[in-house]
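Dear colleague,

I am passing on the structure we spoke about, together with notes on what turned up when it was examined. Please look at it beside the text that follows.

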Amino acid sequence: MITNDDAVTPSISIDNVTVTEGNSGGPAVNAVFTVSIAPAPVGTVTVDATTAGDTATSGTDFTTNTQTLSFDAINTSRQFTVAIGNDCDIESNEQFFVNLSNLTGTATIGDNQGIGTITNNDSDITASIAALVPTANEGDAGTNNRVFRVSLSQAMQCGDFNFSVASTGGTATAGSDYAALSTGAQVLSGPALSADFNLVVNGDLITESDETVELTLTGSGTNVTINPAVATATLTNDDTAPVRTIAEIQGDAFASPFNTTVATVLDKVVTALLPNGFFINDRTTDGLLDTSDAMFVFTSTAPTVAIGDTVNVRGSILEAAVTVPTGQPNYSNLTKFTNAGLVVNPIGTGATLPTPFALDDAMPSPSPAALFCVVAGGTFTGADFNTTKNFECLEGMRVSTSLGMTNGPVQVFASDPLAEQVITTSGRRALREAGLTATQALEDIGIVNPSLNPDAPALPALRWDGNPEALEIDMDRLGLPFQNLVPGTTFSATGILGFEFGGYELFPSAFSVISAAPALPAPVAAAASDQLTIGSQNAFRFYDRCDDPTRLNADEVVDLVRVDTKLDKLSRQIREVLRSPDVVAFQEVEQASPDGTVCANGEPNVNALALLAAKIQADGGPVYAAFMPTLTNDPGFINNGFLVNTARVTVVNGPNLTQWQPNEMWTFNGGVADQLHDRPSLLLEGTTQFGGNIFFSVVNNHLRSLSGIDDISPLADHVDAHRVRQKRLTQAASVACMVQASQTVSPENPLMLVGDFNGFQFSDGYVDVVGIIRGDATASDSQYNLGFNGVPALPGCSLTGGQIVAPALAEAVFAIPEDQRYSFYFQGVPQELDHALLTLGASARFEGIQYARGNSEAPSSQELVAGSALRSSDHDGFVLYLNAGTDPTNNGFVVFKDGFE
């Protein structure tokens with residue numbers, strides 16, 4: 001073997017390098033090549049390394065570099081660095097070279113070229129916009145958000161993505177269906193890949209087609225392409241309730257034709273607020289007077305809208321009816337949206353309120369033949385209540401009046417001690433008128449006749465319309481301060497025509513008194529010293545201080561404070577308001593307890609009138625003697641009595657006076673005979689101790705009440721109603737017989753019948769009680785009249801010319817204006833129950849009659865208020881003024897019911 005003793009020549013080589021380019025402005029990127037020599041040289045070896053372009057461009061993709069590398073026995077490896085150019089261009093991978101040349105020293109170049117590969121790091125970026133929930137319901141109320149997302153397919157490599165989003169199209173309408181969107185300048189940078197934006201969608205109640213909203217994405221960024229640039233969201237209609245006008249919902253009948261259905265109303269103006277809802281009105285009227293343009297929205301809690309707001313409302317319609325007896329007509333209730341499922345969308349503010357409809361002397365109509373809401377095309381029927389016919393077409397609407405007048409006192413309820421007050425808008429009060437009510441005119445006599453013997457007569461044609469022009473005012477319903485107005489006060493008002501508790505009411509939003517009625521109590525005029533004054537006062541359950549254990553009566557006294565308050569009030573009524581008449585006829589006073597009775601409270605047995613006489617005297621009034629009979633047939637132990645000023649009048653038939661026919665009996669329908677007179681008429685005969693010392697007679701009457709006279713359902717009560725009517729007829733005939741007997745014997749005797757006749761100055765349609773006693777009843781005006789079943793078949797009493805009393809008595813109330821002919825207030829209506837009837841001898845001395853006001857016109861809550869005569873009773877008392885001179889001075893003035901002598 002031949003051993004080579006020659007040394008190996010060192011060889012130089014260079015490696016290949018791959019680097020990823022950077023982004024413009026980013027950190028520097030270098031390609032580092034390694035140049036090495038092996039084996040280690042002896043001595044120094046140098047070589048030049050120089051860059052050269054290939055697909056990469058010098059100066060752009062990399063930086064040109066030339067460097068001499070030196071090697072020796074220790075340094076056998078050197079690095080050659082090439083700076084790579086950063087960019088944002090999307091391109092292919094590129095190459096450049098590093099070439100070795102100019103070798104010095106003992107060595108060879110084994111690999112003279114290094115390849116540098118620049119890997120491209122840039123790519124296309126896609127920006128897009130999309131609705132996260134493309135399709136969804138629009139909603140009913142308020143707003144809801146639809147989320148739109150702008151996304152990048154990858155993070156930005158060079159710079160930021162600057163963009164904006166705006167609503168630009170679709171079939172939905174900006175402002176009403178949704179809030180227009182314009183984001184302004186937005187940026188996605190760094191690692192951020194998305195941004196979300198809310199499109200605010202307005203819920204509504206409009207039934208419509210599905211609608212779309214388009215959002216457009218615009219923007220720029222390196223290597224960014226926008227696709228898609230438009231995103232669409234569909235607003236799905238979720239409203240199916242039909243859209244109606246309020247007039248359609250109200251309809252032209254009593255109840256809504258859409259009762260219990262769901263409906264939507266649009267663009268209605270809020271006209272008034274209640275604690276549990278609000279009223280809305282059509283912006284424009286439908287021009288039809290038989291349909292209301294307003295209705296109520298029941299929210300159950302305080303409404304969140306304001307007057308003048310405009311709203312869209314969807315809900316269930318309800319118009320519940322007030323329950324009435326079978327066969328009788330029905331009121332409708334307030335048409336309203338109920339709170340269950342209710343949706344209220346405010347859409348505007350500051351709307352002009354509709355012009356109020358004027359209520360005056362023609363509207364509401366006082367005539368049943370021309371009721372306001374009955375027009376062509378309407379569906380009202382004759383069986384419906386007149387008041388509903390007058391007001392239904394204005395229900396819930398704004399109304400006003402400049403002719404308002406309070407018709408009666410403020411009503412009092414346990415839950416509302418200051419409640420509604422009946423009013424008119426004609427400038428005058430609405431009083432009771434002659435005839436049957438419209439409701440009772442529906443009575444079917446054929447139903448009851450099989451149970452009656454003899455059969456009931458037919459009902460008369462005389463009808464009272466029930467005052468369809470009257471309505472109520474609820475003073476504080478819309479937040480005004482409450483005013484307790486004296487009846488007869490005139491006012492102007494603007495408000496809402498509402499409906500509560502079976503009746504129409506004015507809810508005022510503005511109210512002003514024009515002329516206040518005189519304050520209560522309003523006393524009668526003082527009498528002249530030579531005038532005989534006869535007063536009459538129903539004392540309304542005036543009981544003494546004894547709680548009689550043998551009298552099972554709920555009205556018996558247990559609260560002595562209440563009795564003392566009553567005594568104080570009646571004392572004031574007699575002294576201050578009636579001005580201490582010479583004779584006062586009282587009705588509804590407790591019958592004196594039997595002598596020897598020991599009262600449950602341990603006090604002496606003193607009858608109510610004696611207590612009152614003592615109280616009047618103690619209060620500085622005149623000395624009165626009390627006269628009470630010993631007999632009463634009344635189940636409540638009330639009776640008639642007198643107080644007499646013994647300094648001016650001498651009673652000549654005392655001490656027990658004279659009761660007319662106290663034991664008279666009658667029968668009904670073939671039954672057992674019963675007492676006719678519960679409270680027999682009481683005759684007082686006296687002479688004056690002044691003037692001409694005249695003789696006079698006063699008959700104190702308290703006849704059978706009207707209670708039950710028109711209760712025709714069920715059948716048993718129907719029969720009982722005829723019992724009431726026939727008893728009233730028989731009582732009236734009995735009293736008339738006594739009157740006629742008295743004036744036949746003493747035609748010149750001044751005889752006066754006073755008291756609570758429980759009858760009107762005209763026929764109530766069943767029995768003309770007062771007309772029969774006066775002697776001027778018209779038979780055709782009443783169902784029951786003289787001659788029925790033999791009435792009057794009384795000893796010594798005859799029926800001549802259809803009357804018992806001849807000449808007829810004069811009715812004192814006809815001497816005063818019609819609007820003053822009332823003494824009692826019942827169900828919203830002033831009416832005359834307390835009368836003074838005069839024979840020729842009495843009317844020859846008659847100089848006037850005045851009613852004291854302060855009982856029927858005061859709220860019932862005043863009954864328990866001491867220190868005032870207000871509401872000492874529920875009846876107004878009156879005073880007759882008579883000339884007590886030797887010769888009458890009124891020339892024989894006689895007032896008959898027709899107003900002529």
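Where pLDDT is low, the predicted coordinates should not be read in detail. For the protein chain, the mean pLDDT is 89, and 93% of the residues reach 70 or more.

As to conventions, this is a predicted model, in which local features need pLDDT of at least 70 and side-chain atom pairs count only at pLDDT 80 or more, while totals for chains, interfaces and linings use all residues. Residues are numbered from 1 along each chain as its sequence is written, and side-chain values use heavy atoms, with hydrogens and water left out.

A disulfide is a covalent bond between the sulfur atoms of two cysteines, assigned here when the two sulfur atoms lie within 2.5 Å. By this rule there are four disulfides, and with the bonded cysteines of the protein chain numbered in sequence order, the pairing is 1-2, 3-4, 5-6, 7-8.

Cys 88 is joined to Cys 158 with an S to S distance of 1.7 Å, and the -100 degrees about the S-S bond make this link left-handed. Cys 88 lies in the loop between β6 (77–84) and β7 (94–104) and Cys 158 in the loop between β12 (143–152) and β13, so the pair ties together parts that are 70 residues apart in sequence; helices (H or I, at least four residues) and strands (E, at least two) are DSSP runs, numbered from the N terminus. Cys 88 is buried at a relative accessible area of 12%, and Cys 158 is buried at 6%, where buried means under 20% relative accessible area, exposed over 50% and partly exposed in between, with a 1.4 Å probe and protein chains only.

Between Cys 546 and Cys 599 the S to S distance is 1.6 Å, and with 55 degrees about the S-S bond this link is right-handed. Cys 546 is in the loop between β31 and α4, and Cys 599 in the loop between β32 (583–590) and α5 (608–618), 53 residues apart. Cys 546 is buried, with a relative accessible area of 1%, and Cys 599 counts as buried at 4%.

Arg 545 is in the loop between β31 (531–542) and α4 (560–577) and is buried, with a relative accessible area of 15%. Its side chain makes a polar contact (a pair of N or O atoms within 3.5 Å; within protein, one must be able to donate a hydrogen and the other to accept it, and residues adjacent in sequence count only if both atoms are side-chain atoms) with the side chain of Asp 564, at 2.5 Å. A polar contact of 2.7 Å also joins the side chains of Arg 545 and Glu 603.

Finally, the charged end of Arg 853 sits over the ring of Tyr 822, 3.8 Å from its centre, and Arg 477 lies over the face of Phe 507, at 5.6 Å from the ring centre; the criterion is NZ of Lys or CZ of Arg within 6 Å of the ring centre and within 35 degrees of the ring normal.

How values were computed. pLDDT is the predictor's confidence in each residue, from 0 to 100.
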